[in-house]
Amino acid sequence: MPSLKKIDCELMESKSYEIGMTSDLPIEIFCYRPTWLPIPQLTVYLAEKKELAQETILLYSGDKKEITFQWTPTKRGVSQQLSVSFLAQDLFGFLQKKGALPLKGPFVILPKNQLSLAENLYHQLSKIQPTFSNTFGQRGFSIRNFRNYQSGDALGLIDWKQSGKRNELIVKEYETEVETFTHLIFCGFDHEKFEEILSTYYSFIQFIEKKIDFKQTILADSMANVAGEKIFAALTPTKEEIILPNFSRKKLVIFAPIQTKSLNKQLTELKRTNEVFFVSFNKKHLCLYWNDQTIPISSGGGSHET
């Protein structure tokens, strides 16, 4: 049985992958030096999923051979290599030799993109604030007056506290019409819900990127020299307390694993001069918090395959 030490492998295409989404992983198998005798039967497989990602080559003599695995990553992150294993045997399977090689990356694995969840969140934001996707002509944040609800008034203008006190629907009138921008903030502090809220934030970013103009601030730890979409693969929770930036006249959509006393205090301050939407988990359920409302967000069970 020829030696396996001459065999090498290379990744043919470098791209980003996504948790739970099956993608092509094309590699090239070759030998730097030809073998005197062909390997009767060479099975190549990914070490982590032998039963799902493998291919067998008959009478392999060292020529370049392209193999495409169907790979479904299960863990987010940036990995520099995967392990590719080899099993050489005769046609009857009596004699065997095994070997392994590192397949050099990097392999950028992004969070799960939950399309249905992102759609539901966007729908709820647009429902409670019909002008959510608009940039210009937004109301200012200084309340000028309260008045009785009139047919045609947006539901987002209803002041539920005043309505409860007066036992009738009361809406808010604002001082001026100003230009406001949407700013998304990801608060990635250490918590068991970190991966889930990161997936929610990433999904929402992917869903709205062609719908509205927005800016974003990511408060979490990351690898150096990582930018663009790859940052979502490299993010890790921060151990430090989250301090939100100061904003004024913005539509803020803030994502965090859970509510904390410190975070709630900062949100209260931001609400004085901004419109604040808060997305977080209440036990196992994702919720949208706006003013005094708590709105559950259904996952819908869908994921986006790009």
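A residue is called buried under 20% relative accessible area, exposed over 50%, and partly exposed in between, with a 1.4 Å probe and protein chains only. The model on display is predicted, so local features need pLDDT of at least 70 and side-chain atom pairs count only at pLDDT 80 or more, while totals for chains, interfaces and linings use all residues. Residues are numbered from 1 along each chain as its sequence is written, and side-chain values use heavy atoms, with hydrogens and water left out.

Please begin by selecting R249. This residue is found in the loop between α4 (231-234) and β15 (250-255); helices (H or I, at least four residues) and strands (E, at least two) are DSSP runs, numbered from the N terminus. R249 is partly exposed, its relative accessible area being 46%. Its phi is positive, about 55 degrees, although R249 is not a glycine. Most residues other than glycine have a negative phi, and most peptide bonds are trans.

Next, select L59 in strand β5 (residues 54-60). Here too phi is positive, near 50 degrees, in a residue other than glycine. L59 counts as exposed because its relative accessibility is 56%.

Now move to strand β8 (residues 96-110), which contains P106. The peptide bond joining G105 and P106 is cis, with omega about 10 degrees.

Finally, select residues 285-290, strand β17, together with residues 293-296, strand β18. These strands run antiparallel and are joined by four bridges; two strands pair if DSSP finds at least two bridges between them. C287 stands opposite P296 in β18. β17 and β18 form a hairpin with two residues between them, and N291 in the turn has a positive phi of about 50 degrees.
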